[in-house]
Amino acid sequence: MSPNLSFIAAPMVNQSDFPFRRLTARYGATTVYTQMLSPELLIHDQEYLEFHRRDLQSINEKPVSTVVQLCGNNAEEIIEAGRKIQDLCDAIDLNLGCPQEVARDGHFGAYLLGQKDWPLVENIGELFTSRYNNNRIELVFAVSCMAQSFKVPVSTKLRLCQPSSKTVELAERLEASGSSWITLHARTVSSRRRRQGAADLSEIKTLKQSETLTIPVVSNGNVRVFDDLAQNLEYTGADGLMVGETLLGNPCIFSNNILPDPVEISLEYLNICRLYPGVATLKTIQTHIRHFIDFQCARRPWSRKLRAALNACTDLDDIEHLLRVKIQRWRGMTINSSTETDSEDEQDFDNGVGNIEDAISWHLSGMDQ
């Protein structure tokens, strides 16, 4: 499947699990990325490999492209790792945008954007395209691959070079090396404050207007609400949009301007986790639920209790009970009489977590925000 780059769910550390990717696809994402995967672990850690292959083998209910993102600076290692998963994805992305300290220490991600590393990056791209698109390499594919060569497109996700004027030059060289599209997060690397300031969308506009760049450009950054989607595309002229952090709180942003009820969207995500056990860890699930609730309810008087309550959950049933009973009660919502309660819930309610003042505060706010 040739990826539709219109609306892309970004790669996010420990948050781009299959249930979340499927949820975003239900609500308009046309392409979804996995989290950044380690080539070294894919090669040498069988449990890690099996976990991510199981994640990739899950099937979306609607056509949507899946892109696996790899990191690293060793071309041979990246190729070997790519062989182990390329049969289960629609493209492979090379991460040139990670600003975290682990990327700095390992010299990958955005720390490969310095000009001294450009030849290395180009070599990785050339190896990707020459080896994955060469039918003669068919015999060296792993057993899990089908008995044919897969022509999996390669893409690159990067940040601004320093100086930023060099970004267009690097993008042109990446295209020449075989990148099928480029996603630009228009911020420079900063491991201490990686969200410092707004993304400079004018840099994406400049990249898109390059007379020598012919591959699609995807814009990444500054999408907070539904209206930002059209405004971003109109201003930058980009071929598509990638959204990350905002999706964690509102996985429906691609489809409409109405925020989903935080408990309902949490339960929907939880149901997908039940359908596909073993592809998201309990910690990942707990973090998603916290994002869904906090996105609209972070200022509620009871929000401080949410993290502790989630951390106390030991399985999906505990999380569902928390959502259906405690959180709804804290919000001042009516609880279904058939919903099981327990003494702890009653104690929380009696201690003021779900008291009438909280209910009035929630009501006057119009909706959780």
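Glutamate 320 and arginine 324 form a salt bridge, with their closest N and O atoms 2.7 Å apart. A salt bridge here is a side-chain nitrogen of Lys or Arg within 4 Å of a carboxyl oxygen of Asp or Glu. Both residues sit in helix H14, four residues apart, about one turn of the helix. Arginine 324 counts as partly exposed because its relative accessibility is 40%; buried means under 20% relative accessible area, exposed over 50%, and partly exposed in between (1.4 Å probe, protein chains only). Glutamate 320 and arginine 324 also belong to a network of salt bridges that includes Arg274 and Asp317.

The model is predicted: local features need pLDDT of at least 70, side-chain atom pairs count only at pLDDT 80 or more, and totals for chains, interfaces and linings use all residues. Residues are numbered from 1 along each chain as its sequence is written, and side-chain values use heavy atoms, with hydrogens and water left out.

**Overall make-up**

The protein chain has 16 helices and eight strands. Helices (H or I, at least four residues) and strands (E, at least two) are DSSP runs, numbered from the N terminus. The chain has 369 residues, of which 53% count as buried. Among contacts in the chain with a separation of 6 or more, 69% are between residues 24 or more positions apart. Contact means heavy atoms within 4.5 Å.

**Salt bridges**

Side chains of opposite charge can pair when their charged atoms come close. The whole structure holds ten salt bridges.

| Salt bridge | N to O distance |
|---|---|
| Arginine 21 and aspartate 55 | 2.8 Å |
| Aspartate 87 and arginine 53 | 3.1 Å |

What parts of the chain does the pair of arginine 21 and aspartate 55 tie together? Arginine 21 lies in helix H1 (residues 18-26) and aspartate 55 in helix H3 (residues 46-57), so the pair ties together parts that are 34 residues apart in sequence. Arginine 21 and aspartate 55 are both buried.

The pair of aspartate 87 and arginine 53 also links distant parts of the chain, 34 residues apart. Aspartate 87 is in the loop between helix H4 (75-83) and strand S4 (91-96), and arginine 53 is in helix H3. Aspartate 87 and arginine 53 are buried as well.

**Nonpolar cores**

In soluble globular proteins, nonpolar side chains tend to be buried together. A nonpolar core is a set of buried Ala, Val, Leu, Ile, Met, Phe, Trp, Tyr and Cys residues joined through side-chain atoms within 4.5 Å. The largest one has 43 residues, and Leu42, Ile85 and Leu207 have the most contacts inside it. Leaving aside neighbours within four places in sequence, isoleucine 85 touches Leu42, Leu49, Arg53, Leu56, Val68 and Ile92 by the contact rule.

**Aromatic pairs**

A pair of aromatic rings is described by the distance of the centres and the angle of the planes. Rings of Phe, Tyr and Trp (its six-membered ring) pair if their centres lie within 6.5 Å; planes under 30 degrees apart count as stacked, over 60 as edge-to-face and the rest as tilted. This rule gives five aromatic pairs.

One of them joins tyrosine 269 and phenylalanine 292, an edge-to-face pair at 5.8 Å centre to centre and 75 degrees between the planes. Tyrosine 269 lies in helix H11 (residues 262-275) and phenylalanine 292 in helix H12 (residues 282-297), so the pair ties together parts that are 23 residues apart in sequence. Tyrosine 269 is buried at 0% relative accessibility, and phenylalanine 292 is buried with a relative accessible area of 0%.

Tryptophan 302 and tryptophan 330 form a tilted pair, 5.6 Å centre to centre with 40 degrees between the planes. Tryptophan 302 is in the loop between H12 and helix H13 (303-311) and tryptophan 330 is in helix H14 (residues 316-330), so this pair ties together parts 28 residues apart in sequence. Both tryptophan 302 and tryptophan 330 are buried. Phe20, Tyr269 and Phe292 form one aromatic cluster.

**Sites from the record**

An unreviewed UniProt entry places the feature "binding site" at Pro11, Met12, Val13, Gln69, Lys157 and His185. UniProt positions are given in the numbering used here, feature names are shortened, and annotations may be inferred rather than shown by experiment. Lysine 157 lies in strand S5 (residues 154-159) and is buried, with a relative accessible area of 10%. Histidine 185 is in strand S6 (residues 179-185) and is buried at 7% relative accessibility.
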